[in-house]
Amino acid sequence: MPDIMVLLACLSQCIEPTTLRQLGRVIEAMLSMSGRVTMRGLSRWSGKGGSYRTIQRFFNTSLNWCQLNWLLLRHHVWDADDVVLMSGDHVVVTKAGKMTYGLDRFFSSLYGKAVPGLCFLSLSLLSVKRRTSYPVVTEQVEKAGEAVAQAQAKKKTSGQRGRPKGSKNRNRREVELSPSLHFIQGAL
């Protein structure tokens, strides 16, 4: 446990001491337990000071994980002589069922077709010197089903030639960003 707290000491500038202590207990329990990770299992493996209620309080706390990841990377991995690149990738996880939030059909390059599952966009820092990837932020991608439906409805209603009545001139230099680019811009 003391070794974990030494590694997490750099996070004390952005989270409270109680939350930091709870994070240390949760990490210790996750590393020591085997099998399925549940809140009850975490409370059993965390030892003294890691009751079920403490684990609940920790998971009820809102944390800026992107900032925490950055602080850990900056203190324990950062090398001034290294070249660091930023990379993004969509990851598709296949999932059966109907009730999971965000479940839709996404293209998977492994299968070479659209498969039912969940899609995540992950941004990572790539160390050229160490040839290692350090994930910074991962967020679930939702299909823009409403936008696709609106575009199809608009296509069906416009059966006449020429410019639609009431349309305004648009500045072509203003480009609307895709949801993926909005996410990347927010993460940067």
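The model is a predicted one.

The largest pocket comes first. About 280 Å³ of space lies in it. The lining of the largest pocket counts 15 residues. Ile4, Leu8, Leu23, Ile27 and Leu72 are the closest to its centre. Four helices each supply at least two residues of this lining: α1 (2-8), α2 (17-32), α4 and α5. Which helix gives the most to the lining of the largest pocket? That helix is α2, with five residues. By class, 14 residues of the lining are nonpolar and one is polar. No charged residue takes part in the lining of the largest pocket.

The second largest pocket holds about 220 Å³ of space. Its lining has 10 residues. Nearest its centre lie Lys168, Asn169, Arg170, Asn171 and Arg172.

## The cavity

Rolling a probe the size of a water molecule over the atoms shows where empty space is left. The count of cavities of 30 Å³ or more comes to one. About 100 Å³ of space lies in the largest cavity. Its lining includes Trp70, Leu73, Arg74, Val77, Trp78 and Asp79. Asp82, Val84, Leu125, Ser127 and Tyr134 also line the largest cavity.

Two elements, α5 and β3 (113-127), each supply at least two residues of that lining. The largest share comes from α5, with three residues. By class, the lining of the largest cavity has seven nonpolar residues, one polar residue and three charged residues.

## Aromatic pairs

A pair of aromatic rings is described by the distance of the centres and the angle of the planes. How many aromatic pairs does the structure hold? There are two. The table sets them out.

| Pair | Distance of centres | Angle of planes | Arrangement |
|---|---|---|---|
| Phe58 and Phe59 | 5.3 Å | 70° | edge-to-face |
| Trp70 and Trp78 | 5.8 Å | 75° | edge-to-face |

Why does the pair of Phe58 and Phe59 count as edge-to-face? The planes of Phe58 and Phe59 stand at 70°, and an angle over 60 degrees counts as edge-to-face. For Trp70 and Trp78 the angle is 75°, so this pair is edge-to-face too.

Phe58 is buried, at 3% relative accessibility. Phe59 is partly exposed, at 42%. In the second pair, Trp70 is partly exposed at 32%. Trp78 is partly exposed as well, with a relative accessible area of 49%. Trp70 and Trp78 also belong to the lining of the largest cavity.

## Trp65

Trp65 sits in helix α5 (residues 65-76). Is Trp65 buried or partly exposed? Its relative accessible area is 46%, so Trp65 counts as partly exposed. Beyond residues up to four places away in sequence, Trp65 touches Leu23 and Phe58. Leu23 is one of the residues closest to the centre of the largest pocket. Phe58 is the buried residue at 3% relative accessibility.

Trp65 and Gly186 are 121 residues apart along the chain. Their C-alpha atoms are separated by 14 Å.

## Thr54

Thr54 has its place in helix α4 (residues 52-60). Its relative accessibility is 13%, so Thr54 counts as buried. The side chain of Thr54 makes a polar contact of 3.0 Å with the side chain of Ser51.

## Arg131

Arg131 lies in the loop between β3 and β4 (132-141). At 77% relative accessibility, Arg131 is exposed. Most residues other than glycine have a negative phi. What is phi of Arg131? The angle is near 55°, a positive value in a residue other than glycine.

Note on methods: Residues numbered from 1 in each chain as written. Predicted model: local features only at pLDDT ≥ 70, side-chain atom pairs only at ≥ 80, totals over all residues. Heavy atoms only, no water. Buried < 20%, exposed > 50% of the residue type's maximum accessible area, 1.4 Å probe, protein only. Contact = heavy atoms within 4.5 Å. Polar contact = N/O pair within 3.5 Å; in protein donor to acceptor, adjacent residues only side chain to side chain. Phe/Tyr/Trp six-rings, centres within 6.5 Å; stacked < 30°, edge-to-face > 60°. 1 Å grid on protein atoms, 1.4 Å probe; cavity = no way out; pocket = protein on both sides within 12 Å on 5 of 7 lines; lining within 4 Å. Points joined across faces, edges and corners; volume = space filled by probe spheres on them. Nonpolar A, V, L, I, M, F, W, Y, C, P; charged D, E, K, R; others polar.
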